[in-house]
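Please keep the sequence and the 3D view at hand while reading.

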Amino acid sequence: MKERKNKIPTVRKVFMVLAVVCMVCIFIFSMENADNSSRTSGNVIRFFAGHFYPNFNSLSAVKQREIISSFQFLARKLAHFSVYFLLGFLLSVGFGKRKLFTRTSLYVVIIGFCYAVSDEIHQIFVPGRSCQFRDMMIDTGGVCTGILFSMAVFAIHTLIFRKKNK
């Protein structure tokens, strides 16, 4: 029996499955109504503020809410960027090692952008949420940065194995 020449390595398959899991997580977060979404980001801010803001836990509840409110916008946008960074990284590794400016890299950007658009459209139907072009651009920036990070990982991996094989 003849073995297939274009067999996709298991590691790439795993990364593609992880990319789909990431997309499902994004979809689930997007299903949260505005109050639940604010509560989620507020809890994340509270966690970090408790570790990095001096005496945060000993402040009055009013002052804590004020601090959380002041970081709400930044936390939400950073969450968008971060989760799409992860998606871009996972998709990029799933598509395999390549040069940066290739058709395959463009496919990864297009997939990430299309998912960001569909995610924002999905939010139109969630109470208190909206479709924002700015979020689509932040998401796409995250995907592109994830791709660049994967390229750096591929380059480091190649250098390490090149040195080991000498």
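## The second largest pocket

The lining of the second largest pocket comprises six nonpolar, two polar and two charged residues, where Ala, Val, Leu, Ile, Met, Phe, Trp, Tyr, Cys and Pro count as nonpolar, Asp, Glu, Lys and Arg as charged, and the others, Gly among them, as polar. The model is predicted, so to speak of its local features pLDDT of at least 70 is needed, and side-chain atom pairs count only at pLDDT 80 or more, while totals for chains, interfaces and linings use all residues. Residues are numbered from 1 along each chain as its sequence is written, and side-chain values use heavy atoms, with hydrogens and water left out.

The volume of this second largest pocket is about 200 Å³, a volume being the space filled by probe spheres set on grid points that are joined across faces, edges and corners. Its lining consists of V11, R12, F15, F89, V93, G96, K97, V153, F154 and H157; a pocket is here an open set of points on a 1 Å grid over the protein atoms alone, where a 1.4 Å probe fits, with protein on both sides within 12 Å along at least five of seven lines, and lining residues have an atom within 4 Å of a point. Helix 1, helix 3 and helix 5 each give two or more residues to this lining, helices being DSSP runs (H or I, at least four residues) numbered from the N terminus.

## The largest pocket

The largest pocket has a volume of about 880 Å³. It is lined by 35 residues, of which S41, A75, R76, K77 and A79 are the closest to its centre. Two or more lining residues come from each of helix 1 (10-30), helix 2 (34-52), helix 3 and helix 4, and helix 3 gives the most, with 12 residues. By class, this lining has 17 nonpolar, 11 polar and seven charged residues.

The axes of helix 2 and helix 3 come within 9 Å and cross at roughly 105°, axes being lines fitted to C-alpha atoms, for helices over the stretch in contact, with angles that run from 0 to 180 degrees between N-to-C directions. Helix 2 is therefore roughly perpendicular to helix 3, the term for angles of 65 to 115 degrees, whereas those under 35 count as roughly parallel, those over 145 as roughly antiparallel and the rest as oblique. In this contact (heavy atoms within 4.5 Å), A34, S37, S38, S41, G42, I45 and R46 of helix 2 meet Q64, I68, F71, Q72, A75 and R76 of helix 3.

Helix 3 (residues 61-95) also packs with helix 5, at an angle of about 45° and with the axes 6 Å apart, which means that helix 3 is oblique to helix 5. The residues of that contact divide into 13 nonpolar, eight polar and four charged.

## Helix 4 against helix 5

Helix 4 (residues 103-124) and helix 5 (residues 133-164) have axes that come within 9 Å and cross at roughly 150°, so helix 4 is roughly antiparallel to helix 5. Among the residues that make the contact are V108, G112 and F113 of helix 4 and T140, V143 and I147 of helix 5. By class, the residues of this contact are 11 nonpolar, three polar and four charged.
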